[in-house]
Amino acid sequence: MKEFLLIIVSLLITDFLSSQVYAWIHLEYRLFQDEFDLGLFLLDFGIFLLIAMIVYSLLRKIFFQERSVRS
């Protein structure tokens, strides 16, 4: 259950943070509404993936910290 909660919370935080980064750098690429541009797609996906990896790893340390303390 904790793993499922970790994934959901990390996706919600990642979505919020990535939308803030997109607004900050003025990236307004909509994949299925604009014409396909590989460079913008890779930039969009790369930013989202980078933020997701950082958020997931930090939340995983927080969520599972008590397990390592008890051992």
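Visitor: How many residues apart are phenylalanine 41 and phenylalanine 45 in helix H2?
Guide: This is a predicted model, where local features need pLDDT of at least 70, side-chain atom pairs count only at pLDDT 80 or more, and totals for chains, interfaces and linings use all residues. Residues are numbered from 1 along each chain as its sequence is written, and side-chain values use heavy atoms, leaving out hydrogens and water. Helix H2 covers residues 38–63 (helices are DSSP runs of H or I, at least four residues, numbered from the N terminus). About one helical turn separates phenylalanine 41 and phenylalanine 45, because their spacing in H2 is four residues.

Visitor: Which kind of aromatic pair do phenylalanine 41 and phenylalanine 45 form?
Guide: A search of the whole structure finds one aromatic pair (ring centres within 6.5 Å; planes under 30 degrees apart are stacked, over 60 edge-to-face, the rest tilted). With 6.2 Å centre to centre and 10 degrees between the planes, phenylalanine 41 and phenylalanine 45 are stacked.

Visitor: Which helix has the lowest mean pLDDT?
Guide: pLDDT is the predictor's confidence in each residue, from 0 to 100. The protein chain averages 85. Helix H1 has the highest mean among the elements, 92, and the lowest, 62, belongs to helix H3.

Notes: Helices (H or I, at least four residues) and strands (E, at least two) are DSSP runs, numbered from the N terminus. Rings of Phe, Tyr and Trp (its six-membered ring) pair if their centres lie within 6.5 Å; planes under 30 degrees apart count as stacked, over 60 as edge-to-face and the rest as tilted.
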